[in-house]
Amino acid sequence: MTYTAAASLGVVVALALDLVVLRTRLVATRQWWAAYAIIVFFQLLTNGWLTGRRIVTYDPEAIIGGSRVAFVGGGRLVFAPVEDLAFGFALVLATCVLWERLGSRRGGHDQP
Amino acid sequence: MRHLAYAAMLAFVLVGTLPLHRVFGLDLARQVRRVVLAVLPVAAVFVAWDVAATAAGHWAFDPAQVLPVRVLGLPLEELSFFVVIPLAGLLTYEAVGSVLRAGSVRRAVQQGLRGDRRVPDGRDPRGRGRS
């Protein structure tokens, strides 16, 4: 499986976890999207560091883009393969979904 | 110093997000079990993915820019990534939650620094359906 396919699958699994399996429905909340907006900004910064400096390099066969590490374009965004956005989204959403599922706070009440 | 390039990025993330805990009066430190149970299962899946993708050559790490320690064939930093990034995500998510409950960043910080974590009655703390 290419990174493109695996990253897409990651997003589908994370969304299924949120909407179907655990029914936390984070993606229907303002809290998730406001947090994600902040997270994705810093992801672009830190991931740009990892990929722009060639700390991490990618096999052109596994991604939409090629071997050229462009700031934007050629399947890349701030040096990183666009697939990384899906990877990061799935990673953080799945974690926050489990966090909410394990939470004691329900329906707006602060329980001990 | 070049071998610290990846580690420096993780340090930057921690320096930027750990203070949220104090500033917004978050309570993750009192719910260590919940944090661990949220972070570890997801990290396990992503580390397995990372190990497989690295072995398959989907991506590679520059030995000159990471520490020499390898775990499961991954640089220690790459393994730490799956704890540091989700933790930063949780801190951000909870900090945003405190801002939405307080109504403004200013009030969230005031309440946070006072250690006041009241949730107004009848309000969904996540602002569900109002996005």
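Of the 131 residues in chain B, 37% are buried. The model is predicted. Chain B holds four helices and three strands, and its contact with chain A draws on 36 residues from chain A and 42 residues from chain B.

**Chain B: fold**

- Read from the N terminus, the elements of chain B follow the order α-α-β-β-β-α-α.
- Counting contacts in chain B between residues at least 6 apart in sequence, 70% link residues that are at least 24 apart.

**Contact between chains A and B**

- Chain A contributes 36 residues to the contact, and chain B contributes 42 residues.
- On the side of chain A that touches chain B, the elements giving two or more residues are the helices α1 (3–21), α2 (30–52) and α3 (83–101), together with the strand β1 (56–58).
- The element that gives the most to this side of chain A is α2(A), with 10 residues.
- Sorted by class, the side of chain A that touches chain B consists of 21 nonpolar, eight polar and seven charged residues.

**Strand pairing across the chains**

- β1(A) is joined to strand β1 of chain B, residues 59–61, by three bridges.
- These two strands, β1(A) and β1(B), run antiparallel.
- Within this pairing, Y58(A) has W59(B) of β1(B) as its bridge partner.
- β1(A) is also among the elements that give two or more residues to the side of chain A that touches chain B.

Key
Residues numbered from 1 in each chain as written. Chains lettered and ligands numbered in written order. Predicted model: local features only at pLDDT ≥ 70, side-chain atom pairs only at ≥ 80, totals over all residues. Contact = placed C-beta atoms within 7 Å. Nonpolar A, V, L, I, M, F, W, Y, C, P; charged D, E, K, R; others polar. Pairing = 2+ DSSP bridges. Buried ≥ 20, exposed ≤ 12 C-beta atoms within 10 Å, placed from the backbone.
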